[in-house]
Every structure is written in C-alpha cells, then in structure tokens.
Amino acid sequence: MRLRRFFAAALAGVLVATIAPAAIGALPIVRDTLAPNTGTPLWGVGLARGGPVKCAAADLTPDGRVFPEPQLSATFLTFSDFECGIFLLEDQHRDRINIETLGHSASGHPIYDIELTNENIPESDKRHLFILNSIHGNEPAGREGAARVMEDMVDARFMATQGFIQKTMDRFIVHFTFGNPDGWVNGDFYGRNDAGVSTTRANNGGRDLNRNFPVQGFLRSANGTLDQPEGQGIRDLFLEHADTQHATDDPDNRGWYLGTDNHGQGAKPVAASGLQIVGQFDYQKSERLAHFADGIEGAMAEYGVLGVLQQLNTLTDGQVRPYEWGTLYDILGYSASGSGIDYYNTPGVVEGTGFATEMTASNNPYNFASYPNLLNQMWVDSARAINYTMMRDAVDPPSFTYEVGGKAAYVYDPAVVTDKDANGFGSGNDTIPTQFTGDDAGVDSNFKFGSYEVSRMKFFEDLNKYATQPLQALRVPEVLADPTLLNGLDSIVLADNDMPEGTDRSAWAALLKGFVENGGNLVVTDAAAQILDEIVPGISSEQITKQKSNVGYVDFPADRSHPLNANLRGIASQTYDVIPIGIPDGAGEAPNWRVAKTAWEAAGGTTTGTTGGQTSYGELTLGEGRIRFLGALLPQPSEAFFHPYGLQNYAVTYTGYTLLQNMLQWTNTASTAPAPTDPQ
C-alpha cells in the first residue's frame, strides 16, 4: 500500500513534467525512424490542432507523423483530432485502411471500426483479428496506442515494411474498434492541457459497456445486456465474421482468431498487467493465450517501453516494473460478468481467442496539472508491444501438446446439466428479472433462454485432442464388474464426483485403494475428495471440508521446488473461474475442497498448496503408489443462478492445466503389480 501511494503521488506530480524533445533520440526502434527533430516544439504556433494532429497533408507536426509521438504532443487525442487524423491516413493509404462504423453511440457519435488489411488480396482469403480500444472512456491508453499503431502499420517510415506486418495485412483483416466515443468526448476540452481528465467510464446511457455483452454463464441481470447501441454494434461485428462451423486450425476457417482488449488500471508499479481471460478454453487455446502473454514483456524492450521506463524510474526511484500477467482474478482480484472480450471468446458463438491488458495509471481521474507526455508514451509503446505480439503470433501460430506421463484414464460421469431435464433451466432461471434488458427482453415478451447441455467431461474430450497419450474413459459399473480394466494404467483421474455411477461405494473405494497400493497414481479433484476417508488411513470425513470462495484457487508456498509445482507461470493461483459455469462473480459460491493439513501430513502426505490454510493440493504415498489431490479444478456447471444465454462446460485456467499435468506425471514401476481383485 505504501508503494502504491508513493507511485500515485509521483504520477500526480513529477511524472507530468514535459520531457525535452532531445530525449526522443534515446528511445529505441520505432522512434529512431522518425523525421529529424528540430529541437523546437511545434505546438502552440497554430500549425495543427490539439495534439497537434495532422488533418491535412500540409499540416506540420513535431515528428512528421499524422499522430505525433506522445512525448512530442501537447495533449491527449481528442475525438475530433482522432477523426481528422484517421481520415487523412485513409486518404493517404486507401489500399490499407478502410473506415467503417458500427452505428452510433447513445449520444450519436460514430462507433468506429477501422479495418487494416491489404485490400489487393480478397477478403474471402482472410481471417480476422480484433483490437478493442478504451471501451472504458476514462482509460485513454488503448486509444492513444491504437492511433499510433495504425499509422505504424501503413507508413513505410515506421513498421509497414516489417515482414510480420506485411503478413498480417496479407492474411488478416485487423479491426481496431473504438467502442465508447461518448466517454471519450466527455473529456475533450479543445485547447486545454487537461483534455481527458473528465472522461467517463460509461457511455452517455449510463452503462459500463464492458458489462453489456451476452456471455454464456452467470449474468448479472442489472448489466443492461445489449441495451446500448455500442454493445449491439460490437455484437453484430462479431457475429458477422464468426465461423463456428470450422475448427480453429481448419485452413478453411475465415472467422475470428486472436484479439486483445486494451484497458487502463489505477496507479500500479508495473507498466502493464496482462489478463488471461478464462472460459471453456481447450488446452491449445489456453496455451496460445499464455504464449501471447509471455511474449509481451520481451516485446516491451523492442518497442521502447523499457527506454521510457528507465526515464520514469529515474523520477520514481526505480519503482516501476515492466510487466506482469495472470488471470483477471489473479491480477485485479475479481471476475466480471458480461465483458466484451469474454463474449469474443464464447465457444460456438464467436470463437475468438482473446486477451486483455491493463496499462498503469490510465484509469482517470488523475487531476493532471499538465499533459503527462512521458506516461502517455509508456502507454503507447506498451500498446505497440501488446498489439505486435498478437500479430506475430497470428502469422506464426504456436502449437502445443499436453504431456501425459504414462497411460492414464478418467472416470466418466454420464450426468449432464441441461435445460431439457426435469428442472428445465434450473432455479436460477425461473423468471426473467424485471431489470434484465438482454436482446429483445423488455420490448418483446418472447425472449428465450439459451439452450444448453453441458458437463465437465467435455474437458477430457477436449484435452485428448492434444494429449501425448489420450486419457481413457472408465465407467464405474464396468470396472466393478471387471477390475482387470485397470490393468496397465499408470494414473486414474477422479474428478468432482467420487462415484458417478453404481451403488456399492465401499467396493469402488476398495478397488481404487488397491490400484494405488499396487503402484498406481490416483488423481482426486474437487468434491471427489470425499472418498479419501475410505482410502487413506487416518483421514476422516470430518477432516474433508468445502470452502466457498469467489473462484477456485490454490495458495502456493514461496518454495515451489516440489515437482507438483513445476512450470508455474505468471501470477499463479486461480485454477478455475466461475462465470462460464454459472456461478456468480464475487459471491463466495465457488466450491474449494480441502483436507485438514495436520491430518493429511500425519497420513504421510506432502502439502504443495493450501486454501484457507488447509491442504488443497498435494500428494501422499500409499503402498507402491500415490494419491494426488487438487481441491478446485473441475466442478460441474451450476443452474442455481441466472444464466439466460446458457452455460459452458468448464473454465480451467492455465494454472489448472499445469497442476493437472504435473499430477499426471507418473509411471507404475511395480514390475509385477497384480490387477486389483473384486473385494466381493
């Protein structure tokens, strides 16, 4: 807290000082290619408007750009400055820029969707990338960065001749979307240095537009889903180009691929925080987003962030780090229902693969005494790092396999959660709340809830597409009838339900215990922990408890040298999210299962992670084998709360994938291990 207060104070004072134009020469790569600096700022002499920005080819700016670098600008970009600059760029690069609108805002301003592509190649040959900029009007970093990135991409003086940019323009249509012109315009004071300080987070309809989208899973009925023209316009754009009939890697897929949602956060001693969104992401999608996140910090060095950061740290006594990443919950401490990038990721609807980033101190109000050009330069260069990392991954997509150690199986549960069963849409959807305005609700009484049929078992089906050794499905009744079905297995995963089928729980527990004692590895997750009292001597049912939290998570020790904690990345804690599987955000309804730490360790177990101080992740030896336990990974989706657009099957995070992978690293070395026998 002390550091945050210090950093905020620095931003309010020292950091707003104007950096001398001569400092530009010390900044790397992008600005090294600019027109020579005369040493004399050009703003204030009436040569161009506001920033200044070029509105005509003859206008002069300090560095010859249409949108000058922030360190050579006098103000933030006003909406009208942006309009005249982008229309000039379109006029200069007609085969590269196409300006579209997605309708008009609540106050009648155009909602711009600027398309960048090589228009000499047919659109039918291309997929789509999405960049959402400053959907919160009081977070200028996204739009300030987007204006410069678009100019970089079409101007040969900057990035247009770079190989990955050319490939991006040839293979994709890049949509730079500016979804909240109302919030932007509300802060535009033409001719004043404090343009931007009165921007509003919401639009002029009073809505937080980043809660306005029809996500699958829990939805807050008060969000005003799709009741604003901005949300409707972006939704229509997504659906226009969605290609849900093809797999992501299908060469005939012409739908959406990568996307990024660029935000601003409060004063935090890190230039940018990456937010890996969580939903029903198969392993390939989850890892591609993690690869995207990992690549941003390296790109920050390439695109000038570290040069600006060095100057910033001179003023803040070295307090600011370049980058961090994790899930939304890990970074900001909350999940959110109805965000645009969550909707972009919706399986079977949009099918994008989207990421979000928060740039520091770009969440007003900070009552800047003057235009903070150094801070804005850091935002713009961070936006370059984010957007160009995405484009590099788009033209050279990474591919991943899920390493499974040995031959593994999972216990199949035939139960599904569906609107078609006896309880219909579930208790959470008995009625449409009066404040719900989604789609045609409120104007058309024929609104229909989204149909769904989901199960956590879809996780294993999806995982097998990428597993080095696909996991076999086991049915409890079949194993009870023929225990030799366990022959040759190294690991068995028992997820959430300790006995999905059958009635003889004692016989089932005895088979599992025999499997472990004979050298097998039993992986137990979520509510399946309740079988441990029948398998592990010394652990009673009273020592196995459920803690309800805001998400599924594990607290890891400072020493992560244990193999079960190998390969943890980013801010590692959250293991599953709640919104996609129907559980409210921030309501303390997410089940996290634990075993009393003293009992677990007294039974010979090792604790490698805790929840509420108790063991929620660890292993113990039983006979020749192991039991490995993770208390929060794959709960069955819930119908108990409002979910008008249906549910998703699972919401495992990148950390959850890593922990399961670690638990599956096992080979049964009992050379003559007999098959478990039927205890009956």
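The lining of the largest pocket, sorted by class, has 10 nonpolar, 12 polar and nine charged residues. The classes work like this: Ala, Val, Leu, Ile, Met, Phe, Trp, Tyr, Cys and Pro count as nonpolar, Asp, Glu, Lys and Arg as charged, and the others, Gly among them, as polar. A word on the term pocket: on a 1 Å grid over the protein atoms alone, it is an open set of points with protein on both sides within 12 Å along at least five of seven lines, and lining residues have an atom within 4 Å of a point.

Before going on, note that this is a predicted model, where local features need pLDDT of at least 70, side-chain atom pairs count only at pLDDT 80 or more, and totals for chains, interfaces and linings use all residues. Residues are numbered from 1 along each chain as its sequence is written, and side-chain values use heavy atoms, with hydrogens and water left out.

Back to the largest pocket. Its volume is about 570 Å³, where a volume is the space filled by probe spheres set on grid points, joined across faces, edges and corners. Of its 31 lining residues, Q280, D282, P347, E351 and K465 lie nearest the centre. Which element gives the most to this lining? That is α7, with three residues. Helices (H or I, at least four residues) and strands (E, at least two) are DSSP runs, numbered from the N terminus.

The second largest pocket has a volume of about 320 Å³. It is lined by 26 residues, and those nearest its centre are L275, L328, L332, Y334 and E358. Two or more lining residues come from each of β5 (256–264), α9 (328–332), α10 (340–344) and β8 (353–359). By class, this lining has 10 nonpolar, eight polar and eight charged residues.

Next, the cavities. A cavity is a set of grid points where a 1.4 Å probe fits but cannot get out. The structure holds four of 30 Å³ or more. The largest contains about 170 Å³ of space, and of the 20 residues that line it, I277, V278, D342, D577 and P580 are the closest to its centre.

Now the chain as a whole. It has 17 helices and 21 strands. Of its 680 residues, 61% are buried, meaning under 20% relative accessible area, with exposed over 50% and partly exposed in between (1.4 Å probe, protein chains only).

In soluble globular proteins, nonpolar side chains tend to be buried together. A nonpolar core here is a set of buried Ala, Val, Leu, Ile, Met, Phe, Trp, Tyr and Cys residues joined through side-chain atoms within 4.5 Å. The largest such core has 110 residues, and I114, L116, M153, F176 and M391 have the most contacts inside it. Helix α11 (residues 373–395) supplies the largest share of this core, 12 residues. A second, separate core has 36 residues, including A509, A529, I535 and I627.

Why is α11 described as largely enclosed by the rest of the structure? Because 22 of its 23 residues are buried.

Contact means heavy atoms within 4.5 Å. Leaving out residues up to four places away in sequence, M153 touches L116, M159, A160, I165, M169, V174, F176, Y388 and M391.

Last, K448. It lies in the loop between β10 (417–418) and β11 (453–454). Is K448 buried or exposed? It counts as exposed, because its relative accessibility is 62%. K448 and Y645 are 197 residues apart in sequence, and their C-alpha atoms are 8.8 Å apart in space.
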